[in-house]
Every structure is written in structure tokens, then in C-alpha cells.
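Thanks for coming. I have one structure to go through today, and I will keep it short.

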Amino acid sequence: MTEGPKQASIHVMLVDDDREMRESLGLFLTRSGCLVSAFDRAEPAFSALEDQRPDVIVTDLRMPGLSGLDLLAKVRAIPGAPPVVLVSAHGDVPMAVEAMRDGAYNFLEKPFEPRRLLTILTHAAEAHALSNQNRRLRARLADLVGLDHTLLGESRVMKDLREDILDVSDTEAPVLILGETGTGKEVVAHALHDLSSRGAGPFVAVNCAAIPETLFEASMFGHLGGAFTGATRAQDGYFVEARGGTLFLDELGACPLELQAKLLRAIETREVVPVGGTRPRSVDIRLVSATNEGLEEAVAAGRFREDLYYRLNTVELLLPPLRDRREDIPLLFTHFLECHAATYGLEPPALTTEDMATLMAHGWPGNVRELKHAAERRVLAARRGRGVGVLGSASGARMGEGGGRPLKEAMAVYERTLIIEALKVHGGGMDAAADALGIGRRTLNEKLVKLDINRLDVVGRQE
Ligand SMILES: Nc1ncnc2c1ncn2[C@@H]1O[C@H](COP(=O)(O)OP(=O)(O)OP(=O)(O)O)[C@@H](O)[C@H]1O
Ligand SMILES: [Mg+2]
């Protein structure tokens, strides 16, 4: 016979001035699989609380110094503190009542059956774990809602991306953000920083493509006075500037090959040596980088060191181009219209259905940045009292595929894209695809017929 599954061990903080009691109870609890830290006074127990983070506290009521009730009061004042179970030899019922009213989890009179205490402790620890989990979830939800306002988008990919950002924001793992120009890589880098425990520290963004190769090392690692011509005064580099915070290496692919080895060493040793110096300085930073070119090709072509690449891409976040998440266009455009209108103290201009169809059909090679500029132009045009098309006055010259098509046709193109995408994602599953699209299965079926989409074709076409 095998033993039943062992429950996760409970960490019990045991406080009792009676040594015999402490030892026998401690032994019993340890044998029952608990982790026990025992104290003979309330004061040291309380001091150890933050360090030890027990799941539950068992305390005697009457002790020299702080009593069990005093300890209860102090513990209860800490948000998220563990539950307290009181034990008394005195059959002190009025005190027990008071303790329960003050928030004790339970109360036991000596002598008691140790198994009964174990049951109470198990329940208390479970309740504590649950309420902790709830608190974490609530905090996470608040973060997510906050992120909602900086990284907009209701498409599945954007929702998933926000989740991923929250998941990795509080780790120290280096993150590589991939995406075309204007997709929001810098927004993501900033969000990772803001949401991390380093949020109060500096966020230093460095565009690797903007630093002349000859100045690269000094810019990154700093230099001493007189280290080279023109370096009159000593200067900290970006690594030192970002200490305690996040260093964002933008356009990582542009980092000169000759300096990549030094970069790697600095990252691995968490130390930098300023140009002209010998003494290393320690740098505690979190690294986030971004690229809009495929670094794998750069690695294959020998333009980027493979070891540095693997050092920096522990976590990869991919920002999809706007054309692949067209359902986000209305939300984003309306948002930018409102922002720009507010800047100029105007009412946001009303959009016609033609406007919307044009926006939907455009290719957006410049992604969200292009969309943002289009919104600004639209507001400026409205300010000048010019009623123009949403992408400028020229007759659709700037529009991408589908520009100038009648609304109905443009919308059908869009609908078709969305449906095919959903079917692909869900491997042709009708229920799941309908769910993802927020429509009923029957409606989806009707649309397949109307838009002439062959479901098997769609799934078959997948690589
Ligand atoms: N999801 C989004 N929600 C709100 N604003 C966004 C979003 N994505 C991008 N933006 C805005 O679009 C503009 C471009 O974003 P960002 O600078 O982060 O792009 P990028 O990927 O770093 O581009 P590049 O590769 O050209 O540097 C910024 O003004 C940014 O605030
Ligand atoms: Mg950028």
C-alpha cells in the first residue's frame, strides 16, 4: 500500500512559553508533515514574521511580555498577514470571544486533541493561501486594466500580449521585442519597466542605430576624463545610468559587431569598465531589447553574434503588424482622434462609414504610428474646416489595397480576413472560431456561404 498524496507542507509558527507544550506540539506537527518554527515569546516571533512568512500562527494566550491577544492585534494590522489560532490553558471563554471578534481564525482550549489542531491549521492555511491568491489576482487585474490604457487593442493577440507582459514584467529575464516599425515596441519596453519592481528606477532607452560606431563603447560603458580626444570630462555610460532600472537597447541589430563581445561580457558579469579605465563598476540592470529585422538572418550572415542573441532573447515578445489585427483599427483610430482633438481643444471629428471602410482596407505599412499620424491629420483638417477623406484629400492615392472600393465590398474583404484568420487559429473548429469572433455558430455558417469561404480549404492551406 502506498501512502495517500501528501498535502503541501504547512509552515506553522508556534508561540508558547511552556517548553514542554512547545516541544511536544512541535514534534507532533513536524511528524504530520508541517514545517515548524517555534518561539517562547511573542516579540521575537513577531520580528521573524516578515522573514519567515508562515502560513499560520499558533499562539498561547497568556505569556510573559506580549500576550497572545497582543500578538494577534499586531499581526492583524499587517495586510495579507497569516491567520492566527489561539490556544489557552485557562478555559478563558470571554477572552476567546474577544479574540474571535478581533479576528482570530480559531480558538482551542487546552487540553486538546492534537489532530483537531492539525485540522484547524490545515483549514486556516488553505484559507490564507486562497485570500493571498485573490489579492494577487486583484492586483494583476488592476495592472492589466492599467496596461489597457497604454497598450490598446482588443484583438486576441493584443490581449495575450498584455498577459505575457504581466507575466514577465517582474522577472529579471532579458526580453527581446520583435515587430515591424511603429507596432509599439517602445510602448511594450516601457510597460515592462513600469510594471516591474524596478519601476521607480530609471528607464534608459538607447537607439543602437543612432550611435556612431567609434563612440559606441564610451556611450555604453562610460569613459574617464581624457580617455580620448574630446573626452574632457569623465562620463557615465548608459549601463551606469540605468542602474537599478531598465536598459532598453533599441534597434539591437545595429550594434557594431566588434562591440558585441564586450556587450555580452558586461551583461554576463554585470560589470562595465569605462573607456580609459581599468576598474570595473557593477551595474544592476534589467535588459530589454528590440529589433525590427530578423536577427536570426543577421546571425546566419555573421553580422550578429549568436551567443549575444541567445543571451538577450530568453523571452521573446512578438508585436503583430496592424494589418494582421485589423479589428483593433477602429478602437485605436478613435482613441488617437480623441487625444489629438483634446490637444487642440476640439470635438473629435465624426467618422463616416466610408472613413471606417477606408481605414479597414488600408495596408498600414507604418502600423500604429502611421495610424496615429493619420488621426492627427484628420483632426488638423477638421480644424481648418476641411471635410476630407480620412486618409487625406487625395482621391485614395495613399490608400492601400481596397482603397476607394465601395463600403460594402471593403467590409466584406475585412470580414473575410477575420473569419479565415479565426478558422486558421482554431484549426477549422467552427464552435471555437465562432466564439472567438463573438458570433453564433449559425451566423458563422451563413457567413461562410455568403463570403464563399471553404472551411476545409482554409485549414488545408495551413503550412
Ligand atoms: N497598442 C498601442 N496602443 C496605443 N498606442 C500605441 C500602441 N502601439 C503603438 N502605439 C503608439 O504608436 C507610436 C509608435 O509606437 P512605438 O514607438 O512603440 O513603435 P516601435 O515599434 O518602437 O517603432 P520603431 O521600430 O519605428 O521604433 C507611438 O506613438 C506609440 O505610443
Ligand atoms: Mg521604437
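Predicted model: local features only at pLDDT ≥ 70, side-chain atom pairs only at ≥ 80, totals over all residues.

The domain assignment gives four entries: domain 1 covers 11–132, domain 2 covers 153–320, domain 3 covers 323–405 and domain 4 covers 408–460. Between the centres of domain 1 and domain 3, taken over C-alpha atoms, there are 63 Å.

Now the ligand. Ligand 1 sits in the second largest pocket. In terms of domains, the shell takes at least three residues from domain 2 and at least three from domain 3.

How many residues surround ligand 1? There are 18, and the closest are Thr181, Gly182, Lys185, Arg369 and Lys372. By class, the shell has seven nonpolar, six polar and five charged residues.

Which atoms come up against the oxygens of the ligand? Lysine 185 places a polar side-chain atom 2.6 Å from an oxygen atom of ligand 1. For arginine 369, an N or O atom of the side chain is 2.9 Å from a ligand oxygen. Glycine 184 uses its backbone instead, with an N or O atom 3.1 Å from an oxygen atom of ligand 1. As for burial, ligand 1 taken alone exposes 630 Å², and the protein buries 84% of that.

Where is the cis peptide bond? It joins lysine 110 and proline 111, with omega at about -5 degrees. Proline 111 belongs to the loop that runs between β5 (106–109) and α5 (114–150).

The other point is glutamate 251. Its phi is positive, about 50 degrees, although the residue is not a glycine. Glutamate 251 is also in a loop, the one between β8 (246–250) and α10 (257–269).

That is what I have on this model.

Technical notes: Residues numbered from 1 in each chain as written. Chains lettered and ligands numbered in written order. Heavy atoms only, no water. Near = heavy atom within 4 Å. Polar contact = N/O pair within 3.5 Å; in protein donor to acceptor, adjacent residues only side chain to side chain. Areas by Shrake-Rupley, 256 points an atom, 1.4 Å probe, with all protein chains shown as cover. 1 Å grid on protein atoms, 1.4 Å probe; cavity = no way out; pocket = protein on both sides within 12 Å on 5 of 7 lines; lining within 4 Å. Sits in = over half its atoms within 2 Å of the grid points. Nonpolar A, V, L, I, M, F, W, Y, C, P; charged D, E, K, R; others polar. Domains from an automatic or database assignment. Helix = DSSP H or I, 4+ residues; strand = E, 2+ residues; numbered from the N terminus.
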